[in-house]
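This report is for a reader who is new to the structure.

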Protein chains: 2
Amino acid sequence: MKPLRECTVAVVGLGLMGGSLAGALHGSCRSVIGVARRPETAARAERLHLVDHGTTDEKLVLPRADVVILATPVRTIIRQLERIPSLLSEGCLLMDLGSTKAEIVAAMAQLPPYIHPLGGHPMCGKESSGIEAADPTLYHDRTFILTPLARTPAEAINLGRSIVAAVGARPLILDPIRQDRLAATLSHLPYLLACALILTADATTSRDPAAWEIVASGFRDTTRVAGSDVTMMLDILLTNRKAVLEAASAFRTVFDELVGLTGDASEAPLRASLRASRKERRRMFP
Amino acid sequence: MKPLRECTVAVVGLGLMGGSLAGALHGSCRSVIGVARRPETAARAERLHLVDHGTTDEKLVLPRADVVILATPVRTIIRQLERIPSLLSEGCLLMDLGSTKAEIVAAMAQLPPYIHPLGGHPMCGKESSGIEAADPTLYHDRTFILTPLARTPAEAINLGRSIVAAVGARPLILDPIRQDRLAATLSHLPYLLACALILTADATTSRDPAAWEIVASGFRDTTRVAGSDVTMMLDILLTNRKAVLEAASAFRTVFDELVGLTGDASEAPLRASLRASRKERRRMFP
């Protein structure tokens with residue numbers, strides 16, 4: 001396979017993640033082509049210098065790409081994996097940025113043998129979405145999970161690593177099932193909690209006009225991820241349903257226990273739990 | 001009552017909140033005295049120029065203060081309200097920064113008539129605590145709730161408003177019961193959720209060494225408040241127990257429903273709920 005600097009890279013989907021990745025790859029490869037659904041998005045990506053060339057015509061550009069990166073919602077990726085293989089050139093590296101990996105990797109296993117698939121999941125994002133929110137520094141210093149298939153050749157994995165390094169991230173090779181289980185607790189569950197907290201506040205305090213005047217930074221931070229793109233998150237939840245439901249159930253047990261301690265006459269066990277969570281939070285984010 | 005610029009202000013408790021307030025008041029009043037439990041803290045506050053004079057001797061300094069602001073955990077404030085009145089000069093404004101107000105205001109109602117009490121709750125904070133974390137800009141642009149008592153004279157409320165303005169915050173006069181109910185949903189519930197999320201992650205994913213490598217900004221933000229000072233939060237939960245338990249119960253109903261929708265075969269209701277929470281989040285934080 002060619003080194004990255006000689007590769008033509010096509011990024012399919014120019015939202016926050018794809019637009020940011022395209023912008024970050026600029027200068028590290030031969031050229032970056034952006035494929036969008038809407039002509040305005042393709043034109044905007046060009047105008048923002050995130051891509052060398054923006055288009056809506058995948059048939060025109062995918063055949064000459066050495067690397068194709070799917071940056072669409074998870075279930076769109078799965079549909080694309082059925083549709084686009086016939087457009088790809090022999091030896092093409094086909095990556096994706098989907099947040100759940102088991103179903104995508106299963107679909108990748110069905111690809112024709114002349115394509116080299118490599119699952120990807122960068123651990124970054126923002127609550128804003130769309131090309132307007134794209135930021136080439138989004139990937140800096142973040143972990144970028146790679147889930148190779150048994151069929152993925154070492155040189156394709158190495159090219160994937162070069163892409164990760166080019167956008168400033170750190171590669172982490174992980175099994176797709178294991179990554180989905182971890183992401184369920186560390187990413188998808190926090191999203192559901194944030195949504196439920198917003199809906200609770202909406203139902204119980206929003207009739208009080210003072211509510212939004214007293215909202216402090218704690219509430220803002222705790223609910224930030226509830227602003228994430230809905231189609232992206234819906235696809236994530238539904239393609240990782242089992243692990244998400246398990247994480248939610250584990251959370252409920254812990255939450256019920258903590259609430260029970262808050263109602264208890266004896267305060268020592270509550271203090272011990274709050275101390276344990278503070279200690280663990282500080283260990284995780286020193 | 002004297003105008004603020006002629007007042008000697010004593011801040012009792014030089015942690016994050018008290019230290020920051022003292023630093024922010026500097027220059028707006030005659031002098032700022034800091035009272036700490038430990039001599040090192042008093043000395044540190046002086047060295048950081050947060051106070052004109054730092055001491056551990058409340059008996060020495062409180063009698064000459066025109067304004068006394070209690071910046072300790074809620075249950076310490078309640079104990080101080082029993083202990084310090086005999087030390088205060090006639091006409092003294094006695095404020096506090098406690099996050100729950102009903103129990104504090106009830107204790108303030110018992111103060112001798114020559115003291116003017118005024119409850120306070122600034123809507124700001126950080127996950128770090130102690131004088132080292134003090135930041136005179138902490139109160140900038142934040143809402144600062146004031147809960148006057150029926151006995152609090154208008155001029156004492158006005159002096160309280162001047163203090164709020166001097167630290168860069170916006171005063172909001174609120175009934176203590178109403179403030180506690182709002183704070184339960186918008187501040188104390190998010191804290192319990194953050195703690196429970198940390199403990200869930202600790203129990204389910206922490207044995208996997210990859211877990212902390214893939215933790216993204218969503219998890220970090222959602223759990224930020226779990227790093228708050230434990231004694232402060234314990235006092236808050238236990239002095240606002242009824243409202244916190246009600247908020248937790250309302251949350252559980254909403255969360256269970258959302259998790260139920262995640263498991264459902266039909267995806268339209270889940271999409272509608274995620275859309276509603278995103279819309280509400282964006283309305284609250286445009």
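A residue counts as buried if 20 or more other C-beta atoms lie within 10 Å of its own, and as exposed if 12 or fewer do. With that cut-off, seven of the seven residues of strand β6 (residues 116-122) of chain B are buried, so β6(B) is largely enclosed by the rest of the structure. The structure is a predicted model, and what follows describes that model.

**Chain A as a whole**

The secondary structure of chain A consists of 12 helices and eight strands. Along the principal axes, the C-alpha atoms of chain A fill a box of roughly 70 × 40 × 35 Å. Of the 286 residues in chain A, 57% are buried. Among the contacts in chain A with a separation of 6 or more, 70% are between residues 24 or more positions apart.

**Strand β6 in chain A**

Strand β6 (residues 116-122) of chain A is mostly covered, with seven of its seven residues buried. In a regular strand the side chains alternate between the two faces of the sheet. In β6(A), A:H116, A:L118, A:G120 and A:P122 point one way, while A:P117, A:G119 and A:H121 point the other way, and all are buried.

β6(A) pairs with strand β5 (residues 93-96) of chain A through three bridges, and these strands run parallel. Across this pairing, A:M95 stands opposite A:L118 of β6(A). Between β5(A) and β6(A) the chain passes through helix α5 (residues 102-108) of chain A, in a right-handed β-α-β crossover. β6(A) is also joined to strand β7 (residues 143-148) of chain A, by five bridges in an antiparallel arrangement. There A:H121 stands opposite A:I145 of β7(A).

**Strand β6 in chain B**

Which residues of β6(B) point which way? B:H116, B:L118, B:G120 and B:P122 are directed one way, and B:P117, B:G119 and B:H121 the other way; all are buried. The pairings of β6(B) are set out below.

| Partner of β6(B) | Bridges | Sense | Residues that stand opposite each other |
|---|---|---|---|
| β5(B) | three | parallel | B:M95 and B:L118 |
| β7(B) | five | antiparallel | B:G119 and B:T147 |

β5(B), helix α5 (residues 102-108) of chain B and β6(B) together form a right-handed β-α-β unit.

**Helix α2 of chain B**

In helix α2 (residues 39-47) of chain B, the buried residues are B:T41, B:A42, B:R44 and B:A45. Viewed down the axis of α2(B), these buried residues fall within an arc of 160°, so they line one face of the helix. B:P39, B:E40 and B:R47 are exposed on the other side of α2(B). The cover over the buried residues of α2(B) includes α1 (16-25), β2 (31-35) and β3 (53-55) of chain B. Just after α2(B), B:H49 has a positive phi of about 60°.

**Helix α12 of chain B**

α12(B) has 17 residues and spans 24 Å from its first C-alpha to its last, close to the 24 Å expected at 1.5 Å a residue. Buried in α12(B) are B:L270, B:S273, B:L274, B:S277, B:R278, B:E280 and B:R281. Down the axis of α12(B), its buried residues fall within an arc of 165°, so they line one face of the helix. On the other side of α12(B), the exposed residues are B:A268, B:A272 and B:R283.

What covers the buried residues of α12(B)? The cover includes α7 (176-204) and α10 (230-239) of chain A, together with α11 of chain B.

**Where the chains meet**

In the contact between the chains, 78 residues of chain B meet 78 residues of chain A. On the side of chain B that touches chain A, at least two residues each come from β7 (143-148), α7 (176-204), α8 (211-214), α9 (217-222), α10 (230-239), α11 (241-263) and α12 (268-284) of chain B. α7(B) gives the most to this side, with 19 residues. By class, the side of chain B that touches chain A has 48 nonpolar, 16 polar and 14 charged residues.

Methods
Residues numbered from 1 in each chain as written. Chains lettered and ligands numbered in written order. Predicted model: local features only at pLDDT ≥ 70, side-chain atom pairs only at ≥ 80, totals over all residues. Contact = placed C-beta atoms within 7 Å. Helix = DSSP H or I, 4+ residues; strand = E, 2+ residues; numbered from the N terminus. Nonpolar A, V, L, I, M, F, W, Y, C, P; charged D, E, K, R; others polar. Pairing = 2+ DSSP bridges. Right-handed = clockwise from strand over helix to strand, strands pointing away. Expected span 1.5 Å × (residues − 1). Arc of directions from axis to C-beta.
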